[in-house]
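Here's a quick briefing to read with the model open beside you. Have a look at the fold first, then work through the notes by topic.

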Amino acid sequence: MSLPATPGDATPEVGAGLRLVARHPVLRAVLAGSCLYWTANAALTALLVPLVVVRLHATGAALGYLVTGLGLGYLAGSALTRRLLTRGPHVIAGAYALVGVCFVVLVTAPTLPVAVAAVTLSGLPGAADALRGRVTAAFRTSDALAAIAGALAAPLLVTLAGLGPALLLFAGTVP
């Protein structure tokens, strides 16, 4: 028995989206990849300050450069990727893979300019958002849960394995 939805209650929409995703193998695969991506992304975000200070030996201003580069990448990516995304889930998977490559370059960058270039390029495909309606509700719920999991996993893995291995693991996990 389900309760009637109240205005602003997204629960029925998320449930409908999850049922739709469950019936379509391609959507299931994209959801799994999206969840993995957002978990690793959140973990890398949680480790951004240690990356700047410990790995790049930079000051707090470097964090500003990285965030600005990412924002510029998102702006350019919004304009460039919108038409490509209507061509199917393989384009979304390719975008996630490209972001993953950029993340690996970011966490292994020998200098701040290389790191800024990598994070800027990661914003291009990172601006992709081709999902709509109820499926979007299901994906966004998954994304939020994955972000929480990644943010919790980051300090745990740093404690267990160290900053370098944790950064590489999460960067390499992005599909």
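Contact here means heavy atoms within 4.5 Å. Keep in mind that this is a predicted model, where local features need pLDDT of at least 70 and side-chain atom pairs count only at pLDDT 80 or more, while totals for chains, interfaces and linings use all residues. Residues are numbered from 1 along each chain as its sequence is written, and side-chain values use heavy atoms, with hydrogens and water left out.

**The chain as a whole**

- The secondary structure comes to eight helices and zero strands, taking helices (H or I, at least four residues) and strands (E, at least two) as DSSP runs numbered from the N terminus.
- Going along the sequence, you get the pattern α-α-α-α-α-α-α-α.
- Of the 175 residues, 36% count as buried; buried means under 20% relative accessible area, exposed over 50%, and partly exposed in between (1.4 Å probe, protein chains only).
- Among contacts with a separation of 6 or more, 79% come from residues 24 or more positions apart.

**Helices α1 and α2**

- Helix α1 (residues 11–23) has 13 residues and reaches 19 Å from its first C-alpha to its last, close to the 18 Å expected at 1.5 Å a residue. That expected span is 1.5 Å times one less than the number of residues.
- Val14, Gly15, Ala16, Gly17 and Val21 are the buried residues of α1.
- Helix α2 (residues 25–46) has 22 residues, and its span from first C-alpha to last is 32 Å, close to the 32 Å expected.
- Buried residues in α2 include Leu27, Val30, Leu31, Tyr37, Ala40, Ala43 and Leu44.
- α1 and α2 pack at an angle of about 115 degrees, with their axes 5 Å apart. Axes are lines fitted to C-alpha atoms, for helices over the stretch in contact, and angles run from 0 to 180 degrees between N-to-C directions.
- That makes α1 and α2 roughly perpendicular to each other; angles under 35 degrees count as roughly parallel, over 145 as roughly antiparallel, 65 to 115 as roughly perpendicular and the rest as oblique.
- Leu20, Val21, Ala22 and Arg23 of α1 touch Pro25, Leu27, Arg28 and Leu31 of α2.
- By class, this α1 contact with α2 has six nonpolar, no polar and two charged residues. For the classes, Ala, Val, Leu, Ile, Met, Phe, Trp, Tyr, Cys and Pro are nonpolar, Asp, Glu, Lys and Arg are charged, and the others, Gly among them, are polar.

**What packs against α8?**

- α2 and α8 pack at an angle of about 150 degrees, with their axes 8 Å apart, so the two are roughly antiparallel.
- The crossing of α2 and α8 is left-handed, meaning that the near helix is turned anticlockwise from the far one by less than a right angle (right-handed if clockwise).
- On the α2 side, the contact uses Leu36, Ala40, Ala43 and Leu44; on the α8 side, it uses Leu167, Phe170, Ala171 and Thr173.
- That contact of α2 with α8 has seven nonpolar, one polar and no charged residues.
- Helix α3 (residues 48–55) packs with α8 (residues 163–173) at about 130 degrees, axes 11 Å apart, so this pair is oblique.
- α3 also passes α8 in a left-handed crossing.
- Pro50, Leu51, Val54 and Arg55 in α3 meet Leu163, Gly164 and Leu167 in α8.
- The α3 contact with α8 has five nonpolar, one polar and one charged residues.

- Thr173 lies in α8 and is partly exposed, with a relative accessible area of 22%.
- Leaving aside neighbours within four places in sequence, Thr173 is in contact with Leu36 and Ala40. The C-alpha atoms of Thr173 and Phe103 are separated by 9.6 Å, although the two are 70 residues apart along the chain.
- Leu63 is in helix α4 and, at 26% relative accessibility, counts as partly exposed.
- Beyond neighbours within four places in sequence, Leu63 is in contact with Leu48, Val49 and Val52. Leu63 and Val116 are 53 residues apart in sequence and 9.3 Å apart in space, C-alpha to C-alpha.
- His57 sits in the loop between α3 and α4 (60–81) and counts as exposed at 67% relative accessibility.
- Most residues other than glycine have a negative phi. Phi of His57, however, is near 50 degrees, a positive value.
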